[in-house]
Amino acid sequence: MRARVPFVVLALAAPWAPGAIAQGWQVSPARQEIRVAPGESRTFPVRIEREAQLDAPDEAVRFTIAPGDWDIGRDGEMLLYPPQTMADSACDWATFSPTEFTLKPGAAADVRVTVTVPEGTAPGLRRFGLFFEEHSPVPPTGPETRRLVIRYRLSTLVYVVVPEPARQFELGGVRVERIAAGDVLVRAVLKNPGALHLRPTHWIEVRDAAGKTLLRTEATPTMVLLPGRELEVSLRAPTGDRPSEPVQIRYVVDPGDNLALQAATARLEPAPGG
């Protein structure tokens with residue numbers, strides 16, 4: 001009779017919230033932004049905490065830590081790479097201790113991270129991630145059973161700003177599409193030709209032919225826009241259009257960081273048969 005082995009699934013959590021949370025444990029902060037001048041260092045802690053477990057109060061779990069590179073794709077997807085893969089990687093600037101440890105339920109540990117920027121480094125953004133992986137024991141299985149074990153990797157994504165980076169933003173092509181239920185969908189390309197990351201917000205204003213605002217959507221944050229990157233974004237809004245009159249669709253982006261708003265306006269004709 002053939003024995004059946006347990007499955008082990010590794011789930012990656014790369015969150016953008018203040019703390020990264022997995023089943024039974026968490027890492028905080030999930031994002032760390034520091035300013036470090038060339039030739040200087042900056043140290044900060046990262047905390048790992050386990051929840052109490054009444055069914056196994058003394059079961060220790062081993063955690064390991066490894067640095068790595070990360071990026072954000074054009075569609076806003078998270079991309080992970082080995083350390084020192086990216087040209088703007090700061091993995092070799094970072095040291096941390098401990099590199100592994102064990103925690104019992106209800107316990108916590110602090111990892112001390114130091115980032116040292118070499119002399120002569122040009123202004124701009126460098127980044128790396130610290131990835132925390134838990135190695136919980138795989139429960140035993142019988143000859144006719146299977147067990148699914150989900151393991152998590154959580155991360156602290158570190159932004160290292162070397163002063164003073166140039167800030168720039170460009171609004172690329174904007175398209176307006178009429179979709180079902182009287183709504184419009186705006187698609188746009190956001191570009192960052194500067195040396196510092198941006199966190200834009202965007203919204204849509206619907207105006208009548210005379211320019212009077214009929215409605216405005218709530219300002220919504222986009223994914224972070226990294227230096228030298230582009231993001232393809234979309235935003236939906238009700239048109240509020242009248243049956244026989246065109247409306248103006250104004251798409252507005254606030255790049256943040258005291259940069260000027262940028263906008264594009266398109267004329268939307270009444271729906272056929274309106």
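Reader: In E14, which residue is the bridge partner of Glu170?
Author: This is a predicted model, in which local features need pLDDT of at least 70, side-chain atom pairs count only at pLDDT 80 or more, and totals for chains, interfaces and linings use all residues. Residues are numbered from 1 along each chain as its sequence is written, and side-chain values use heavy atoms, with hydrogens and water left out. In E14, the bridge partner of Glu170 is Lys191.

Reader: How many bridges join E13 to strand E14?
Author: Two strands pair if DSSP finds at least two bridges between them. E13 and strand E14 (residues 183-191) run antiparallel, and the number of bridges joining them is eight.

Reader: What is the order of the open sheet of three strands, and what is its average twist from one strand to the next?
Author: The open sheet has the order E13-E14-E18, and its pairing is antiparallel. Strand E13 (170-179) and strand E18 (230-238) are the edge strands, each pairing on one side only. With axes fitted as lines to C-alpha atoms and angles taken from 0 to 180 degrees between N-to-C directions, the average twist from one strand to the next is 20 degrees.

Reader: How many helices and strands does the protein chain have?
Author: Helices (H or I, at least four residues) and strands (E, at least two) are DSSP runs, numbered from the N terminus. By this assignment, the protein chain has zero helices and 20 strands.

Reader: What percentage of the residues in the protein chain is buried?
Author: Buried means under 20% relative accessible area, exposed over 50%, and partly exposed in between, with a 1.4 Å probe and protein chains only. The protein chain has 274 residues, and the buried percentage is 41%.

Reader: Which loop holds Arg74, the salt-bridge partner of Glu230?
Author: A salt bridge places a side-chain nitrogen of Lys or Arg within 4 Å of a carboxyl oxygen of Asp or Glu, and the side chains of Glu230 and Arg74 meet in one at 2.3 Å, N to O. The pair links distant parts of the chain, 156 residues apart, with Glu230 in strand E18 and Arg74 in the loop between strand E6 (61-72) and strand E7 (78-81).

Reader: Which residues are linked in a network of salt bridges?
Author: The structure holds 18 salt bridges. A network of them links Asp71, Asp88, Arg127 and Arg229.

Reader: Why is the pair of Trp25 and Phe63 edge-to-face?
Author: Rings of Phe, Tyr and Trp (its six-membered ring) pair if their centres lie within 6.5 Å; planes under 30 degrees apart count as stacked, over 60 as edge-to-face and the rest as tilted. The structure holds three aromatic pairs. The ring centres of Trp25 and Phe63 are 4.9 Å apart, and the pair is edge-to-face because the planes meet at 65 degrees.

Reader: Which residues form a cluster through ring pairs?
Author: Trp25 is buried, at 4% relative accessibility, and Phe63 is buried as well, at 1% relative accessible area. Phe63 also forms a stacked pair with Phe101, at 5.7 Å centre to centre and 25 degrees between the planes. This second pair links distant parts of the chain, Phe63 in strand E6 and Phe101 in strand E9 (residues 100-103), 38 residues apart. The cluster linked by ring pairs is formed by Trp25, Phe63 and Phe101.
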